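Here's a quick tour for anyone meeting this structure for the first time. Have a look at it, and then we'll walk through a few spots together.

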Amino acid sequence: MLERLQELHDEAVVKVAEAQDLDSLQQVRISYLGKKGPITEVMKGMGKLSNEERPVVGAKANEVRQSVQKLIEEKERTLQQAAVQKQLAEESIDVTLPGRPVARGARHPLTSVVETIEDIFTGMGFQVAEGPEVETDYYNFESLNLPKHHPARDMQDTFFVTPDLLLRTQTSPVQTRTMEKHEGKGPVKIICPGKVYRRDEDDATHSHQFMQIEGLVVDKGIRMSDLKGMFEAFVKSYFGEDRKMRLRPSFFPFTEPSAELDVSCAMCGGEGCRTCKGTGWIEVLGSGMVHPNVLKMGGFDPEVYSGFAFGMGVERFAMLKYGIDDIRHFYTNDTRFLEQFIRE
Ligand code: 2NL
């Protein structure tokens with residue numbers, strides 16, 4: 001019996017060593033230590049033994065049981081650890097792998113231009129003012145010295161919503177609204193960026209919706225030289241120190257006198273080329289001294305106050321800055337166009 005027990009022990013040692021996973025180890029446990037296992041069988045037969053033999057065989061049986069039990073437990077721990085290691089290896093994340101690229105957005109070029117111009121003017125003490133895109137005939141035309149049937153209204157073919165409501169054709173109504181709020185007391189120093197609308201056929205240089213930035217300064221003693229000095233600072237800041245500027249007489253119903261601002265052509269340095277149509281100059285904005293009627297309608301006494309105003313097309317500035325040849329690129333949302341403005 002002692003030999004049989006030793007045999008069983010040695011067999012079990014081999015079986016435990018062979019078990020490759022927890023399931024087969026469980027099978028080994030059942031077959032050797034279970035109620036119907038061979039060790040139990042041997043122990044059942046112990047009744048037939050003599051009083052001398054019984055404790056010896058009993059002790060051996062227990063020893064074998066405990067030894068096998070211990071081996072199985074050790075093996076179980078090893079297999080469990082191996083299983084955890086395997087799972088960790090399978091589920092591990094390689095933190096050194098490069099990430100999947102994320103599609104980056106870009107500021108729209110018109111937004112960039114508006115922000116740049118806003119920064120320059122706020123740096124000179126201007127406030128940014130905004131107002132409605134659906135305007136009354138009064139604020140869009142009347143208050144700007146364009147009474148009904150004034151021929152200059154033809155210059156701006158208009159989208160009407162009702163006979164009295166329209167999509168603003170310029171941002172000037174924001175300026176007259178701001179003047180009203182000041183109740184005749186200066187200074188007013190604002191720029192008004194925003195969308196405006198005109199009934200134009202869309203083509204490479206025209207759009208029925210575009211963006212404008214207008215500026216207005218009203219105070220006591222404002223003169224044409226103030227307008228010129230401010231333009232000098234603006235041109236240097238936006239276009240660069242090396243650019244020259246000039247004012248050229250012009251006409252607008254809301255300013256008198258009126259002047260257009262030209263900047264020397266960056267392409268040819270003022271020599272004359274295709275971009276500047278051989279003149280050496282690029283027209284960038286319209287301006288002038290605020291017409292006394294406009295001051296009056298804004299609630300200011302033109303005998304006491306004076307002012308200057310200017311207006312520029314944002315698309316034109318962006319086209320000059322980035323060399324864009326078709327205004328429609330700004331509105332068609334072609335990502336191949338927009339992606340070119342992603343900054344690192
Ligand atoms: C242009 C010319 C201009 C103004 C806009 C203005 C506004 C008020 C009073 C007087 Cl409230 N003037 N705005 C003045 C001169 C020119 O715009 O060619 N814009 C694209």
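Which residues does Met297 touch, not counting residues up to four places away in sequence?

## Starting at Met297

Leaving out those sequence neighbours, Met297 touches Tyr138, Glu142, Ser143, Asn145 and Glu180; contact here means heavy atoms within 4.5 Å. You'll find Met297 in helix H9, residues 292–297. Helices (H or I, at least four residues) and strands (E, at least two) are DSSP runs, numbered from the N terminus.

Buried means under 20% relative accessible area, exposed over 50%, and partly exposed in between, using a 1.4 Å probe and protein chains only.

## A word on the model

This is a predicted model, where local features need pLDDT of at least 70 and side-chain atom pairs count only at pLDDT 80 or more, while totals for chains, interfaces and linings use all residues. Residues are numbered from 1 along each chain as its sequence is written, and side-chain values use heavy atoms, with hydrogens and water left out.

## The nonpolar cores

The largest nonpolar core has 41 residues, and Ile117, Phe121, Phe234, Phe310, Met312 and Phe317 touch the most other members. Such a core is a set of buried Ala, Val, Leu, Ile, Met, Phe, Trp, Tyr and Cys residues joined through side-chain atoms within 4.5 Å. Elements giving two or more residues to it include helix H5 (109–123), strand E7 (255–264) and helix H10 (314–322). H8 gives the most, with seven residues.

Zoom in on Phe234: beyond residues up to four places away in sequence, Phe234 touches Ile117, Ile120, Phe121, Met124, Phe239, Leu285, Met312 and Phe317. Apart from this core lies another, of 21 residues, with Leu144, Ala152, Val174 and Phe300 among them.

## Around the ligand

The ligand has 15 residues around it, and the closest are Gln175, Glu214, Gly286, Ala309 and Gly311; to be near, a residue needs a heavy atom within 4 Å. By class, this shell has seven nonpolar, seven polar and one charged residues.

How far is a nitrogen atom of the ligand from an N or O atom in the side chain of Glu214? That distance is 2.6 Å. A backbone N or O atom of Gly311 lies 3.3 Å from a ligand nitrogen atom. The protein buries 87% of the 480 Å² that the ligand exposes when taken alone.

Methods. Polar contact = N/O pair within 3.5 Å; in protein donor to acceptor, adjacent residues only side chain to side chain. Areas by Shrake-Rupley, 256 points an atom, 1.4 Å probe, with all protein chains shown as cover. Nonpolar A, V, L, I, M, F, W, Y, C, P; charged D, E, K, R; others polar.
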